[in-house]
Amino acid sequence: MRIAVIGTGFGGLAATIELKKRGHDDIVVFEKAGDVGGVWRENTYPGAACDVPSSLYSYSFEPNPRWPHKFSRQPAILDYIHGVVEKYDVRRHIRFHTEVTAARWDDEARTWQLDLSTGETETVDLFVPAVGQLSRPSIPKIAGADTFEGTAFHSAEWNHDLGLEGRRVAVIGTGASAIQFVPEVQKCAERVTLFQRSAPYIVPRKDFERTEPTGAARRLVERVKIWAQAEWLTTSFHVKPFGAAMRAWSKRHMKAQTAAKPGLFAQVWPDYAFGCKRILFADDYLPALAQPNVDVVTDDITEITPAGVRTDDGRLHEADVIIWGTGFKATDFLAPMVIAGTQGRDLHTHWKDGAHAYHGMTVPGFPNLLIMYGPNTNTGGGSIIYFLETQARYLGRYADHIRQAGHPLEVRDEVEEAYDAKIQGQLAGSVWSKCSSWYREKNGRITTNWPSISARYRLSASYDKADYAPSAERADRSL
């Protein structure tokens, strides 16, 4: 059985390693770039680091005794990924500089036909997109953006050739990336103007440097401890007394860190429910905003001019550089690939009201397709790698079932529909429905997040052969 995996981030590698462990070796991994790493290859902005402690943000089957920090920086994480690739013999499966532009299910041949950026076509039996939710930078459409005469770039496409010393820098956005690079930019720029549309809740990071390798017992204790803390954080999103306690903790931290600049706390304190947007961990972001060379602007942006950014109070904020800290197109699952299932049905049309899949992985009408980090599998407070390992195990059982059955399999309509109704019912009254965020579609449907703690996802995503049927049983169904 020929298997194609797309992407060499944590999801793609988890999938490939699990398949190899189960004896599936005819695997090709397509990577559009020239190196492995996914978001940890692409995001090289100053201060780039994980906001989940490395003892949990790593594979359970490959613990690392030599993390240099509690919250590891981008270079250390990329080094870890390189080590995993070599240890588990993944590199020989990878085709670099090759992007899958389209995938079509062939009803007669009962295989996937993949169109590649090289002009070639690849035929596979099992198709595993692992492109993630945070891989395509999002830049808002603001009038006049193309007229700016300075330099502009997204944080995920950092311009390392441009020195920021002595420059006036406008930062648009205050998400997880911005709170890491703003302190670094503040140190060298003449002036930083931070445009904040919505303030994040910030809690202490309490990072520290490690100088000695960590023993196996200590690693396990740390991992369990951090996992439990992450489950507690997620629980606080759903239990009001816990959420109130976490909110008060955040408020104490943010007040203390903004005390040096009168009026700053009022600007950066959120006005929405705790947990509605991603909670951020930082000890240096707010102190950076309190520095004399930083201005926080909360007025709406009306346009970008050749000289800078204009806000709705009529003021022009002059800038030499604009850095977009505006995140990613998280709800555009599997875009820009064109994916067609049985009888030519288009996946993105099927998802026109918001993406959905059984356990976030399989879709009716799309046989032998399993998505890593798909709809409703993001975590609001834990480690995505825990979810990815769960999905990789599910994939392994799915691949084994296909091999044993000797024919394509797809999830039953009624199974996926009942699952989606249950998940959306749980999400409807959740904290994530209380504000606008990258977790939600424009119509209000929450397509990114899992509605509970990670342990419940692992229990839920248990492979059951009865959930799947031979694809031939659907062949005569109309579109």
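How do the residues of the lining of the second largest pocket divide into nonpolar, polar and charged? In this predicted model, local features need pLDDT of at least 70 and side-chain atom pairs count only at pLDDT 80 or more, while totals for chains, interfaces and linings use all residues. Residues are numbered from 1 along each chain as its sequence is written, and side-chain values use heavy atoms, with hydrogens and water left out.

The lining comprises 14 nonpolar, four polar and five charged residues (nonpolar: Ala, Val, Leu, Ile, Met, Phe, Trp, Tyr, Cys and Pro; charged: Asp, Glu, Lys and Arg; polar: the others, Gly among them). Of the 23 lining residues, Pro204, Gln229, Leu233, Trp249 and Phe281 lie nearest the centre of the pocket. A pocket here is an open set of points on a 1 Å grid over the protein atoms alone where a 1.4 Å probe fits, with protein on both sides within 12 Å along at least five of seven lines; lining residues have an atom within 4 Å of a point. The second largest pocket holds about 450 Å³ of space, taken as the space filled by probe spheres set on the points, which are joined across faces, edges and corners.

Helices H5 (216–236) and H6 (240–258) each supply at least two lining residues, and H5 gives the most, with five. Helices (H or I, at least four residues) and strands (E, at least two) are DSSP runs, numbered from the N terminus.

Turning to the strands, an open sheet of mixed pairing has the order S6-S5-S4-S18, where pairing requires at least two DSSP bridges between two strands. Strands S6 (121–124) and S18 (338–340) form the edges, each pairing on one side only. S5 (residues 111–116) pairs with S6 in the antiparallel sense over four bridges; Trp112 has Val124 in S6 as its bridge partner.
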